[in-house]
Amino acid sequence: MGPRQQLKRLITWCTKNKVKINTEKTHVIFNESRPNDQIRYGETVIKTTQKIKYLGAEIISNRAENRSTFLIGTDSVASHIKQRCLAIKALRKYKIPEKQFKQECQAFIGGKLNYYTPWLAAEFAIKQTIRPLELAYNEYMRTYTGCMVTTPIPVLHAISRFPLFQDKILADTAIAILKAKAQGTILAEDYDQWNGSAPEWTPFSSVQKILKSRIAEGINIAIHPQQIIKPNILEKLSQCNFHLGTKLSALELHKQGKLIPQVQDITIWTDGSLNRDVIVPEIGLECGAAALVQVSNQESESGEQPSPIVIKLMIPNAVSSYETEIIAIQAGLEATLSVKPTERKIHLFTDSLSCLQQLACLPYKYIYTNAVVADVAEKLGDVDLHFIPSHTDQIPESDIIDELAKAAALEGEEIDHDPPISTYKLSLRKILQNRLYKYLAKNVKRSSNIKNLDRAPLIIGSLQIRNCNGIITIKINNDHALLNRVRSGHTCTRSHLKHVNIESDDTCRHCGKEPETIEHQLIKCSAMRRNWQHTDTNMKNGIYQISIKHFTTPIADSYGNFSQKQKNTGATYNKYCMKPVYRQGCFGW
């Protein structure tokens, strides 16, 4: 069937279904076509084009292959990500807290990048598609860590702990497929059909390998379903009373006698147990969930107060405490509904703050959620939910339910439970961490410029110091941009600038005697000692605590731009350095 016949069928269908074709936004891609080519049928004219922009990316005709294929252009996407990196770098001059700065990076830059990674798993061999985004990803790491342009990519990964770009694409694509399977969308059906019809090759063959790695861990490729909660259930859930807080505030309320209500009609105590040190054969981790339901003011036929309802469940394949906690809450509500609590006041006590916060936010986040959470939301009515801290030896009921949960992991009733998406995310994160460590161990090299700079701590993420008591392990905190530059060895000191062929002389700008390095500026430079008099210096246990706030004023802004006043000072700036050069009397960090 030729293009005219296809266009005729399309117009007939659109006319029948009262759909109007916008010919200005409708194009046809041919691998070989001229700008004036077009398809005409009656009064309808559809022009040909070489590329179409869709969801921020560009679909480009593949002239090199001359087949019915097309390429995905990501140049514009990568350019937008780099522009966001420049905007975020400008925030450093306001000296905002580093934690807030990294959150801004993850939201403003990572949010843009994460939109495209789930559908790039089939494009690894197409450098035209992958390379622009890979360069933008490297710039994202530089912005996140505060490192220089000259910093090697393996060192950027070691400081930021960002996964390798292709590994990130694989993980994001795998999660997208798992979400589609959990939600039962068309993408999941197409993925299954595609795999069955072309087993020798699929665009997701690399994703299949990373998913099958979970079978080796003893967890089948099954996924807990997700669904959207009905509006009437969300409205009913918004009427529940959530008593949240922290462990300290809860203990303070308990001292005042306000944590647990004095009048209790029906009480539900729930707890989940997960022991990562014990692995049960054919089941997995030692996991259990327990619920204790007490109904007051209700007598049995013999006139005695009925005994509490105790539920103990053994949960196979669970890998997080969140799973055990939410199942315990579900079991407690099911047991409560079995006694038909009409017009009774129900109090639910749990030590899982994450579960309570999720339930409290459901009416305001109308999205897909795990089926077990949707079931809990449906069972909740006029219920007061309380956060009770565990392992305090001050609340007897909390200690009792904790022992029941531990016993349930060994002798409880085994239930069927498919792992939720969070389980796969946790497993994929571990896989990416292992791959990253192998990559760092192979590619992070010693600095050729600074002989005594050891980058081995960057690989393992900790520093080991030997003293009289043995070896002390200190975790490296990569939350300061200047320290990240010092650890990488790539700074604005003249020694490094000469090493990368930006300057011809590495003599110290302050004393003019020795090569200018960080060690020389901080310890050896005699001229810098006069500047130390203007700083706040404290001496404690032989360690100098030095404030450098007076020595970090750049002559250029974060973009490397000079004002006219700055130009008149005689300062120099090299376009290849892409970082401001500091004036005399300032550190070259």
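Reader: To begin, how many helices and strands does the protein have?

Author: The secondary structure of this predicted model comes to 21 helices and 19 strands.

Reader: And what percentage of the residues count as buried?

Author: Of the 589 residues, 43% count as buried. The accessible surface comes to about 33,600 Å², and 52% of that surface belongs to carbon and sulfur atoms.

Reader: Among contacts between residues at least 6 apart in sequence, what percentage join residues at least 24 apart?

Author: The figure is 65% of those contacts.

Reader: Let us turn to helix packing. What describes two packed helices?

Author: Two packed helices are described by the angle between their axes and the distance between the axes.

Reader: At what angle do H5 and H15 pack, then?

Author: Helix H5, residues 153–160, packs with helix H15, residues 421–443, at an angle of about 135 degrees. Their axes are 10 Å apart. H5 and H15 are therefore oblique to each other, and their crossing is left-handed.

Reader: Which residues make that contact?

Author: From H5 the contact takes Ile 153, Pro 154, His 157 and Ala 158. From H15 it takes Leu 436, Tyr 439, Leu 440 and Asn 443. By class, the residues of the contact of H5 with H15 are six nonpolar and two polar, with no charged residue.

Reader: How do H6 and H15 cross?

Author: The axes of H6 and H15 cross at roughly 165 degrees and come within 11 Å. That angle makes H6 roughly antiparallel to H15. The crossing of H6 and H15 is right-handed.

Reader: Which residues meet there?

Author: In H6 they are Asp 167, Leu 170, Ala 171, Ala 174, Ile 175, Leu 178, Lys 179 and Ala 182. In H15 they are Ile 421, Tyr 424, Lys 425, Leu 428, Leu 432 and Arg 435. The contact of H6 with H15 has 10 nonpolar and four charged residues, and no polar ones.

Reader: Staying with H15, is Gln 433 buried or partly exposed?

Author: Gln 433 lies in helix H15. Gln 433 is partly exposed, because its relative accessible area is 47%, between the limits of 20% and 50%. The C-alpha atoms of Gln 433 and Asp 167 are 9.9 Å apart, although 266 residues separate the two in sequence.

Reader: What lies between H5 and H6?

Author: A loop lies between H5 and helix H6 (165–183), and Arg 161 is found in that loop. Arg 161 has a positive phi of about 65 degrees, and it is not a glycine. At 34% relative accessibility, Arg 161 counts as partly exposed.

Reader: Where is His 391 found?

Author: His 391 is in the loop between strand E14 (383–387) and helix H14 (396–411). His 391 counts as exposed, because its relative accessibility is 54%, over the limit of 50%.

Reader: Going back to helix pairs, at what angle do H11 and H13 pack?

Author: Helix H11, residues 321–338, and helix H13, residues 371–379, pack at an angle of about 35 degrees. Their axes are 10 Å apart, and H11 passes H13 in a left-handed crossing.

Reader: Which residues of H11 and H13 make the contact?

Author: H11 contributes Tyr 322, Ile 326, Ile 327, Ile 329, Gln 330, Leu 333, Glu 334 and Leu 337. H13 contributes Val 372, Val 373, Asp 375, Val 376 and Lys 379. The contact of H11 with H13 has nine nonpolar, one polar and three charged residues.

Reader: Now a strand residue. Is Thr 270 buried or exposed?

Author: Thr 270 is in strand E9, residues 266–280. Thr 270 counts as buried, because its relative accessibility is 2%, under the limit of 20%.

Reader: What does Thr 270 touch?

Author: Leaving out residues up to four places away in sequence, Thr 270 touches Ala 290, Ala 291, Ala 328, Ile 329, Leu 348, Phe 349, Thr 350, Asp 351 and Ile 401. The C-alpha atoms of Thr 270 and Ile 327 are separated by 9.2 Å, and these residues are 57 apart along the chain.

Reader: Lastly, where is Asp 192?

Author: Asp 192 is in helix H7, residues 186–197. Asp 192 is partly exposed, with a relative accessible area of 41%. Its C-alpha atom is 9.5 Å from that of Lys 181, which is 11 residues away along the chain.

Notes. Residues are numbered from 1 along each chain as its sequence is written. This is a predicted model: local features need pLDDT of at least 70, side-chain atom pairs count only at pLDDT 80 or more; totals for chains, interfaces and linings use all residues. Side-chain values use heavy atoms; hydrogens and water are left out. Helices (H or I, at least four residues) and strands (E, at least two) are DSSP runs, numbered from the N terminus. Buried means under 20% relative accessible area, exposed over 50%, partly exposed in between (1.4 Å probe, protein chains only). Contact means heavy atoms within 4.5 Å. Accessible areas come from the Shrake-Rupley method with a 1.4 Å probe; for residues, only the protein chains shown count as cover. Axes are lines fitted to C-alpha atoms, for helices over the stretch in contact, and angles run from 0 to 180 degrees between N-to-C directions. Angles under 35 degrees count as roughly parallel, over 145 as roughly antiparallel, 65 to 115 as roughly perpendicular and the rest as oblique. A crossing is left-handed if the near helix is turned anticlockwise from the far one by less than a right angle, and right-handed if clockwise. Ala, Val, Leu, Ile, Met, Phe, Trp, Tyr, Cys and Pro count as nonpolar, Asp, Glu, Lys and Arg as charged, and the others, Gly among them, as polar.
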